[in-house]
Amino acid sequence: MDKALDFTIKNKIPGTLARTGTITTPHGVIQTPAYIGAATAATMKTLTNAEIDELGAQSILSNTYHLMLRPGANLIAAAGGIHQFMNYHKPLYTDSGGFQVFSLGMAYKKGLDATSHTTKGSSENAVMSPDQLSKVEKDGVWFKSHLNGDRIFMSPEISMELQHKIGADIHMSFDQLTSPLSGREQIKEAMDTTHAWAKRGLIRHEELNQQHVAAGENLQALFGVVQGAREEDFRLESAGFLGELTLETGAQFDGFGIGGTFQPEELPDVLTWVNGTLPENKPRHLLGMGAQPADLFLGAEFGCDTFDCVAPTRQARNGALYTYGGRINIKNLKFAEDFQPIDQNCDCYTCQHHTRAYLRHLFKANETTGLVLASIHNERFVVRTVEEIRQKINAGPEQFWQYKKEFLTDYYGAERAADFLATSPEEWR
Ligand SMILES: [Zn+2]
């Protein structure tokens with residue numbers, strides 16, 4: 001294909017931001033809304049590609065930060081890019097590395113909040129105190145590898161170079177995160193830095209895509225990442241700036257990522273500000289959403305096309321399994337002689353072949369097969385829920401509202417579900 005990405009809207013729910021559509025990349029099509037599986041270190045933890053395909057995942061997302069440290073972007077490029085390296089030939093996303101640089105490098109838990117950010121003229125002057133794991137400057141950020149403590153510099157240009165070497169289909173621009181402790185002034189400063197970095201990243205991205213054209217390689221797509229925490233004016237400003245950003249060459253972002261961490265109750269407001277402002281004809285990815293099925297419904301209802309999350313596999317490895325009646329912990333004694341599947345209504349491999357009692361046994365005995373079977377189930381549960389959301393939006397508004405009400409009431413109970421149904425039309429609350 002002669003473009004990096006194509007996006008088509010199929011159906012919408014009038015009066016909302018919800019839509020279905022297709023994202024087309026050189027490695028195939030994603031039907032949206034879609035859940036993008038987390039493949040942090042170029043693997044969806046514990047699962048083979050065959051298992052990823054079987055559970056219905058259309059696309060996965062890997063992490064630039066983890067891959068740059070190990071095995072290194074040059075090694076992946078030498079393998080022919082990440083699709084070849086993994087032998088995974090469907091659409092692939094990478095994030096910019098920003099989240100990990102700031103969350104792993106910054107180590108908020110050590111009492112270092114955003115007030116520790118300092119700006120100095122030259123990177124050569126960068127001095128990090130022993131407990132300071134990252135340091136923001138105008139040009140980029142110094143951070144320490146969580147693997148070996150190496151001091152590493154990351155900038156918007158370097159992030160683009162790494163992502164192009166890794167060679168996924170869709171990249172994210174390098175952004176500056178804020179801590180949950182940040183005040184408005186710090187949020188504003190980080191957002192302004194994010195915007196300056198977004199433009200620099202887009203310029204470098206264009207240059208790298210020209211090299212791909214010259215080499216007869218696939219074009220790669222870049223999403224700008226909207227920041228601004230929970231502040232309405234900043235979110236509107238960030239979505240407006242990135243949505244309109246156009247280089248002298250005419251280059252623009254191919255789509256947008258939405259950064260930040262939210263409780264599900266916060267999604268309607270933040271997504272209304274952001275997705276109500278971003279151009280309608282480009283895809284929007286909710287980055288690293290929470291672990292709640294409510295996020296999937298609210299994300300889609302408020303105009304996100306794709307979502308990623310590490311929670312389904314992470315929780316699976318802890319024995320926390322999703323069911324249509326809520327989450328269970330399979331290690332619990334009450335499942336010792338429970339010979340039903342994890343969920344009667346689940347169509348995953350695990351539920352078609354194994355019982356809760358068997359899963360519990362595997363977890364209690366520390367057998368790795370338990371992690372695989374649990375991960376298959378949780379990933380399928382989330383992938384299928386988003387598949388159903390897509391089908392219901394296509395079938396019409398009433399189908400979507402009814403499914404949302406039934407699913408969330410079964411999962412959370414009526415009282416908790418009411419919080420998430422508040423945005424539905426009155427007759428479907
Ligand atoms: Zn299952």
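Which residues of helix H6 (residues 156-166) are buried? Select that stretch and look for Pro156, Ser159, Met160, Leu162, Gln163, His164 and Ile166. Buried here means under 20% relative accessible area, with exposed over 50% and partly exposed in between (1.4 Å probe, protein chains only). Helices are DSSP runs of H or I with at least four residues, strands are E runs of at least two, and both are numbered from the N terminus. Now step just past H6 to glycine 167, where phi is positive, about 80 degrees.

Some ground rules before moving on. You're looking at a predicted model, so local features need pLDDT of at least 70 and side-chain atom pairs count only at pLDDT 80 or more, while totals for chains, interfaces and linings use all residues. Residues are numbered from 1 along each chain as its sequence is written, and side-chain values use heavy atoms, with hydrogens and water left out.

**Next stop: the zinc ion**

Select the zinc ion together with Cys346 (SG), Cys348 (SG), Cys351 (SG) and His377 (ND1), its protein donors at 2.1 to 2.3 Å. Donors are N, O and S atoms within 2.8 Å of the metal (3.2 Å for Na, K and Ca); water is not among the atoms, so sites may look incomplete. Angles among the four donor atoms run from 98 to 119 degrees, making the site tetrahedral; for four donors that label requires all angles between 85 and 135 degrees. Along the chain, the spacing reads C-x1-C-x2-C-x25-H. Cysteine 346 sits in the loop between strand E16 (326-329) and helix H12 (349-353), and histidine 377 is in helix H14 (residues 368-395), so the pair, 31 residues apart, links distant parts of the chain. Color by accessibility: cysteine 346 is buried at 3% relative accessible area, and histidine 377 is buried at 0%.

**Then: aspartate 295**

Jump to helix H10 (residues 293-301) and pick aspartate 295. This residue is buried but has no salt bridge, and the nearest side chain of opposite charge, arginine 416, is 8.4 Å away. A salt bridge needs a side-chain nitrogen of Lys or Arg within 4 Å of a carboxyl oxygen of Asp or Glu; Lys and Arg count as positive, Asp and Glu as negative, and His and the chain ends are not counted. Show its contacts (heavy atoms within 4.5 Å): leaving out residues up to four places away in sequence, aspartate 295 touches Pro264, Leu267, Met289 and Gly290.

**Last: zoom out**

The whole protein has 16 helices and 16 strands. Its C-alpha trace spans about 65 × 50 × 50 Å along the principal axes, and buried residues make up 55% of the 429.

Notes:
Four donors count as tetrahedral if all angles lie between 85 and 135 degrees; four count as square planar and six as octahedral if opposite donors are over 155 degrees apart and all others between 65 and 115; anything else is irregular.
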